[in-house]
Amino acid sequence: MTSNISSTSMLARLNRRSSRAFETLKNVLLLYLILTRTLKAIRHLRARGFARTIVDLYTWVSQETLLLALRLPRLRAGVQRELAKARLDIEAGMVPSGPSVTRHLALPSFGQSAEWIVAEMDKMDSEAPAHADWHGGRVSGAVYHGGDDMTAVILAAITRYALSNPLHPDVFPAVRKMEAEIVAMCLRMYHAPDGAAGTTTSGGTESIVMAVKAYRDWARAEKGITEPEMVVPETAHAAFDKGAAYMGVKVHTVPVDPITRQVDLKGVRRAINANTILLVGSAINFPDGNADDIVALGKLAKNAGIGLHVDSCLGSFIVPFLAEVSAEEGWGAVPIWDFRVEGVTSISCDTHKYGFAPKGNSVVMYRSANLRRYQYYVNAGWVGGVYASPSLAGSRPGALIAGTWAAMHYMGSSGYRDSCRAIVSTARAIAARIRAEIPVLRVLGDPPASVVAFASAADPIFRKGSKLSASESSKGVDVLEVGDKMAKRGWHLNALKGPAAVHIAVTRLTVPVVDQFIADLKDAVREAELAPSGKGNMARLYGLGTSSAVGPAMVGHIAEAFLDTLYKA
Ligand SMILES: *Cc1c(COP(=O)(O)O)cnc(C)c1O
């Protein structure tokens, strides 16, 4: 009995003690959580600034509220109806229909002849909706060379290595050599130091996603960072957000200066913290063709001991030849954007853009082979054998590597220098003529290479410091309407937001049609001023994105419908 009592009281004492310990543990844990959360919040606040955080919060709350409201049956039905309509519109524009269209939804029971296959392709090429004719140079970007001679050279290489796969270098040694040489040539073009290294990938997006992976794994292994963050200009390519989403890296998006279109360096500095692994700069960026201040970004990266990736996917084979051409043409000094800049630790360059390689090839380069190692995937314990691959893909098309190698050798430095001269002259002429001849439009920044973007000169983004009142300055032309009127004239240009703008990426095919472009642009502006319809694709889709808080969510749904439609047989 006594022993029983004493053991109970001991148990109680023990319980009390352990519950005290538990309380302490709980408090420590709570404190830890509060501290880390607060730190996160402070970092976020510092990166975005107070006003932007409030706006972010407001947008988030209103979007969430509206999305919740959209669950209400009546609203939901309305939204679904609108979406169904949009879906039908998209299908009508993309999927051929009518009694003459044959749909091949199952394998033919027996193999068809080679002649049948060609005949069927002829038929598909002629079916409505008609494909845009890129030969006339009215398509922005998309096809970068288009010369028959170049196509023949690439096709010969592709045919020769059609069945090759660099996953098996022992079977296809020539393809291995060509891939290594493509990387070596690009490293030389971008003035990489000894010890630098790279790989080819399937395109700019994969180059960027791979770089994000390399920095994530590097920072984890060498700096112990487990909650990585990166700092990205708002004009950087969406591939960085995609890479960050795939790799679990938090992104701080920093605005650009509305006049220079370069990333705000103060904003970048504020966004850097102990978890930052990577800064990003573009040379040149996709939206408006301007380059960030890479030298200044390099200093920030070096001081923080973190990476700086320069996106030259679009700068491609233009930027490396720009200084020389610019000196010859008297265009003025060109800043340095490559490995000569201290602090630049990696660069992506798309061979399949201004390198004129077949689509499906790009190069990602690192200042050191050690950094490249973090891009690799190695599985030494796999049942299928030791598995090692340099990038996302396993099996890869050696034919595209051969095509790229052939294109680079067919062009040579002199060929790329000439193409740089022709393309940049054309872009400069377009920018100069818009400035001189179309005062209601305004060229964004001072684009140094191949892309020219224009907004309405009255866009509020340019208003800072001007004496115009809001009502006076908002009477500009609707530039998306201009883009739609250009589409009616056969031009395929890109719409941008923030500010609303339209861009053209000049290719070799644009060179002979500058006069036509300017003439059409003047007509389009006049028509947009006199008779805006609001019915074109650009005005509708981008209008939707900015008209309400649910706009972006709706645009997201419509974009998904577009992707679904890609797979409608
Ligand atoms: C095209 C482009 C990319 C992405 O390249 P893809 O080849 O389309 O995947 C990345 N950055 C810039 C600046 C680009 O223009």
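Tutor: The unreviewed UniProt entry annotates K353 as "modified residue: N6-(pyridoxal phosphate)lysine". UniProt positions are given in the numbering used here, feature names are shortened, and annotations may be inferred rather than shown by experiment.

Student: What should I know about the model and its numbering?

Tutor: This is a predicted model, in which local features need pLDDT of at least 70 and side-chain atom pairs count only at pLDDT 80 or more, while totals for chains, interfaces and linings use all residues. Residues are numbered from 1 along each chain as its sequence is written, and side-chain values use heavy atoms, with hydrogens and water left out.

Student: Where is K353 placed?

Tutor: K353 is in the loop between β6 (346–349) and β7 (362–366). Helices (H or I, at least four residues) and strands (E, at least two) are DSSP runs, numbered from the N terminus.

Student: Is K353 buried or exposed?

Tutor: K353 counts as buried because its relative accessibility is 15%. Buried means under 20% relative accessible area, exposed over 50%, and partly exposed in between (1.4 Å probe, protein chains only).

Student: Which residues are closest to the ligand?

Tutor: The ligand is surrounded by 13 residues, and the closest are G204, T205, D311, H352 and K353. A residue counts as near if one of its heavy atoms lies within 4 Å of the molecule.

Student: What polar groups face the ligand's oxygen atoms?

Tutor: A side-chain N or O atom of K353 is 3.0 Å from an oxygen atom of the ligand. For H352, a polar side-chain atom lies 2.8 Å from a ligand oxygen atom. G204 contributes a backbone N or O atom, 2.9 Å from an oxygen atom of the ligand.

Student: How much of the ligand's accessible area does the protein cover?

Tutor: The ligand has 380 Å² of accessible area on its own, and the protein covers 85% of that. Accessible areas come from the Shrake-Rupley method with a 1.4 Å probe; for residues, only the protein chains shown count as cover.

Student: Which helix gives the most to the shell?

Tutor: Helix α7 (residues 204–223) does, with 3 residues. By class, the shell has 5 nonpolar, 5 polar and 3 charged residues. Here Ala, Val, Leu, Ile, Met, Phe, Trp, Tyr, Cys and Pro count as nonpolar, Asp, Glu, Lys and Arg as charged, and the others, Gly among them, as polar.

Student: Back to the β6–β7 loop: what about F356 and N361?

Tutor: F356 is in that loop, and its phi is near 65 degrees, a positive value in a residue other than glycine. F356 counts as buried, at 3% relative accessibility. N361 is also found between β6 and β7, and is buried with a relative accessible area of 2%. The side chains of N361 and T351 make a polar contact of 2.6 Å. A polar contact is a pair of N or O atoms within 3.5 Å; within protein, one must be able to donate a hydrogen and the other to accept it, and residues adjacent in sequence count only if both atoms are side-chain atoms.

Student: What is the phi of S316?

Tutor: S316 has a positive phi of about 45 degrees, although it is not a glycine. S316 lies in the loop between β5 (307–312) and α11 (319–329), and is buried at a relative accessible area of 0%.
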